[in-house]
Amino acid sequence: MVLNQESIRQFTNLELFAREVVEGFLTGLHKSPYHGFSVEFAEHRQYNSGESIRHVDWKLYGRTEKLFVKKYEEETNLRCQLVIDTSSSMYFPFHNDQAEPGKRNKLDFAIHAAAALSYLFNRQRDAVGLTTFNNQIDVHMPARGSMSHRKRMYGELESALDYSSHDQHSFLVDCLHEVADSIPRRSLVVLFSDMFDNSGESLDELFSAIQHLRHNKHEVIVFNVLDRSKERELNFEDRPYRFVDPETGEEVKLNPLSIRKNYQKHMEEYQHQLELKCGQYSVDYQEVDINEGFEPVLLAYLVKRSKLP
C-alpha cells in the first residue's frame, strides 16, 4: 500500500491529486488485512416492491435469486466537517517557495490530506464541509454533497495552499469553540492542526474546546500534524542555530544538542496529555508525520467510520 508521492505531485489540481491518492490507497487496501472495510456501501437490505431498481445488486441476485438493494452510506446521513489550521506555524519547516522537490510543510500536507479525505467522503456519498482558521475563522462551508459544492471546496483548499502570510497566530481554542457552535447537526469533525495555540490559553482550555465539540454530539478525529524528526526529536546537526517562532517572530540562538533531552521529555509529556485527554473525551487522536504519506490519515478515517452507527 505504498504510493509514489513524487509522481503524484505532478498534478497541480487537488481533485486529480486526491483521486490518485484515494484510488491507489483503496487498491492497496483490498490487498491488505483491512480489506473488510466497506468503501462503497454500508450494507444490503431487501428490495421493497415498487421502489427504484437503480441500486439493486444484480450480481447478488444472480447468486441468490433474491432482490437486495445496496444501502449507501448517504442513508446514514453522515456529515463531515474538515477543519484546517492555517496559522504560520503550519508552514514549518519552510514556506512553499523554499521547498525542495518532493518535500512538504505541515500546511501543504494537511491540505492535501484533507483533499484526499474529501474525495473519499464524496465517493461514499457523505456530505462534507470545510473550515479554515488561524487567529479567526477564514472560511466556513457547511457540509453538503453537491458537485458544485465539492468544486468550490477544492477551490478553497487550493487558495489556502497559496496563502503566504508569515504572522498569522493560531487561536485554536477560540476557533474550536466557534466551530462547535457553527455546526447545527451532529457531524464528524476532522481537525488538522499542529495543536499549538498562541492565544495564551492553557492546555485545560484547549481540552475544554475539544470537549465542547463532544458536548454538541459531534464525533471528532484530531490529526496532530508534525515533522516528527525536527519537532519531536529535535534532530538537527550539532552546531548553533537561530530558531524563529513563525507566529510571534521571537528568536532564540542555541545548539540543539544542549537541550535535546529536556526538549524531548517535555514534548513527550505534552503528547501524552493530548492522547490521554482525547481518550477521556472519546476523541480519536492520531499523530501524523508529514514525511510518512497519507495512508495513516485515510486508514484512521476508515477505522473511525466503521465504528459509527
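Where does Lys217 lie? Lys217 sits in the loop between helix H7 (203–215) and E7. Helices (H or I, at least four residues) and strands (E, at least two) are DSSP runs, numbered from the N terminus. Lys217 is exposed, with a relative accessible area of 56%. Exposed means over 50% relative accessible area, buried under 20%, and partly exposed in between (1.4 Å probe, protein chains only).

The model is predicted: local features need pLDDT of at least 70, side-chain atom pairs count only at pLDDT 80 or more, and totals for chains, interfaces and linings use all residues. Residues are numbered from 1 along each chain as its sequence is written, and side-chain values use heavy atoms, with hydrogens and water left out.

**Backbone**

Phi of Lys217 is near 75°, a positive value in a residue other than glycine. Leu234 also has a positive phi, near 50°. Leu234 is found in the loop between H8 and E8. Leu234 counts as buried, at 6% relative accessibility. A cis peptide bond joins Phe92 and Pro93, with omega about 5°. Pro93 belongs to the loop between strand E3 (79–85) and helix H4 (106–123).

**Pocket**

The largest pocket has a volume of about 1,200 Å³. A pocket is found on a 1 Å grid over the protein atoms alone: an open set of points where a 1.4 Å probe fits, with protein on both sides within 12 Å along at least five of seven lines. Lining residues have an atom within 4 Å of a point. The volume is the space filled by probe spheres set on the points, which are joined across faces, edges and corners.

The lining of the largest pocket has 35 residues. Phe92, Phe243, Val244, Asp245 and Pro246 lie nearest its centre. The elements giving two or more residues to this lining are helix H8 (228–232), strand E8 (241–244), strand E9 (251–254) and helix H9 (260–280). By class, the lining holds 18 nonpolar, 7 polar and 10 charged residues. Here Ala, Val, Leu, Ile, Met, Phe, Trp, Tyr, Cys and Pro count as nonpolar, Asp, Glu, Lys and Arg as charged, and the others, Gly among them, as polar.

**Salt bridges**

Side chains of opposite charge can pair when their charged atoms come close. The structure holds 16 salt bridges. Each is a side-chain nitrogen of Lys or Arg within 4 Å of a carboxyl oxygen of Asp or Glu. The table gives some of them.

| Pair | N to O distance |
|---|---|
| Glu219 and Lys304 | 3.0 Å |
| Arg232 and Glu287 | 2.4 Å |
| Glu251 and Arg242 | 3.1 Å |

Glu219 in strand E7 (residues 219–226) and Lys304 in helix H10 (residues 295–307) are 85 residues apart, so the pair links distant parts of the chain. Glu219 is buried at 13% relative accessible area. Lys304 is buried at 5%.

Arg232 in helix H8 and Glu287 in strand E10 (residues 284–289) also link distant parts of the chain, 55 residues apart. Both Arg232 and Glu287 are buried. Glu251 is exposed, with a relative accessible area of 51%. Salt bridges that share partners join Arg228, Arg232, Glu287, Asp289 and Glu292 into one network.

**Strand E4**

Thr131 is found in strand E4 (residues 127–133). Thr131 is buried, with a relative accessible area of 0%. The C-alpha atoms of Thr131 and Glu156 are separated by 9.7 Å. These two residues are 25 residues apart along the chain.
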